[in-house]
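Dear colleague,

Please find below the structure that I am handing over to you. My notes on it follow directly after.

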There are 2 protein chains.
Amino acid sequence: MKVIHYTDVEAQDLTVAGPGVSCRVVIGKADDDVNFCMRVIELQPGSQVPAHTHPWEHQQFYHSGVGYVVKDGEKVSVGPGNVVYVAPGEEHYVKNTGDEPLVFVCLVPKTAPEM
Amino acid sequence: MKVIHYTDVEAQDLTVAGPGVSCRVVIGKADDDVNFCMRVIELQPGSQVPAHTHPWEHQQFYHSGVGYVVKDGEKVSVGPGNVVYVAPGEEHYVKNTGDEPLVFVCLVPKTAPEM
């Protein structure tokens with residue numbers, strides 16, 4: 001069993017995103033027998049992950065902060081307790097619109113890159 | 001894309017646990033192409049999920065409230081931002097020790113029961 005706080009893991013730049021976006025791989029291939037990978041993404045105020053697609057799913061849980069995602073071309077607000085499922089191949093975007101970091105968990109299957 | 005709040009999903013009793021423990025399947029087999037399943041578990045104050053094992057992993061992110069898990073026979077406090085990985089076959093236990101619900105995300109592979 002592993003018990004950590006997500007901030008125990010060093011934050012790395014998220015390559016797909018611009019400045020102010022970091023990623024921590026909190027459960028991944030370094031752990032035994034994982035079928036998927038848990039990352040914690042943190043967007044500083046005003047930061048965004050540009051619209052992009054990839055052939056793997058995302059499962060996201062929003063922990064703190066506020067912002068929006070884009071669904072069918074419309075902005076949809078997200079904040080603590082929101083859940084987002086992005087199907088394989090689906091375009092997705094997220095922006096922090098608040099004064100605090102926007103922090104969410106984002107899981108990918110083990111066949112996807114961890115970062 | 002699906003965007004919901006976890007409380008939009010009806011809470012169900014978690015069969016493995018005692019009273020005061022509910023489970024919401026927020027992303028699961030009803031969604032296309034999932035490789036794993038996201039549940040949100042909520043323990044009312046004083047409630048617990050008894051020690052148990054199963055042949056699939058858990059990946060957990062603690063969202064709100066406080067409590068503890070048991071690792072190697074020792075209590076380890078958990079609260080907002082904690083991450084727990086339970087390997088397949090590993091015994092695990094969690095208890096709410098606070099005055100508010102203990103809410104955490106708990107993911108399982110698609111080969112496991114959703115509830």
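Of the 115 residues of chain A, 38% count as buried (20 or more other C-beta atoms within 10 Å of the residue's own, the C-beta atoms being placed from the backbone). Please note that this is a predicted model, in which local features need pLDDT of at least 70 and side-chain atom pairs count only at pLDDT 80 or more, while totals for chains, interfaces and linings use all residues. Residues are numbered from 1 along each chain as its sequence is written, and chains are lettered from A and ligands numbered from 1 in the order in which they are written.

Chain A has zero helices and eleven strands (DSSP runs numbered from the N terminus: H or I of at least four residues for helices, E of at least two for strands). Its radius of gyration is 13 Å, close to the 13 Å that the globule rule gives for 115 residues, so chain A is as compact as a globular protein of that length. The radius is taken over C-alpha atoms, and the rule is 2.2 Å times the number of residues to the power 0.38. The C-alpha atoms of chain A fill a box of roughly 40 × 30 × 25 Å along the principal axes.

The contact between the chains takes 37 residues from chain A and 37 residues from chain B, where contact requires C-beta atoms, placed from the backbone, within 7 Å. On the side of chain A that touches chain B, S9(A) gives the most, with five residues. S9(A) also pairs with strand S1 (residues 2-5) of chain B in the antiparallel sense over four bridges; pairing requires at least two DSSP bridges. Within S1(B), Lys2(B) is the bridge partner of Tyr85(A).

The largest nonpolar core has 60 residues, of which Val105(A), Leu107(A), Val105(B) and Leu107(B) touch the most other members. Such a core is a set of buried Ala, Val, Leu, Ile, Met, Phe, Trp, Tyr and Cys residues joined through C-beta atoms within 7 Å. Leaving aside residues up to four places away in sequence, Val105(B) touches residues that include Phe61(A), Val105(A) and Phe61(B).

Yours sincerely

Notes:
Contact = placed C-beta atoms within 7 Å. Buried ≥ 20, exposed ≤ 12 C-beta atoms within 10 Å, placed from the backbone.
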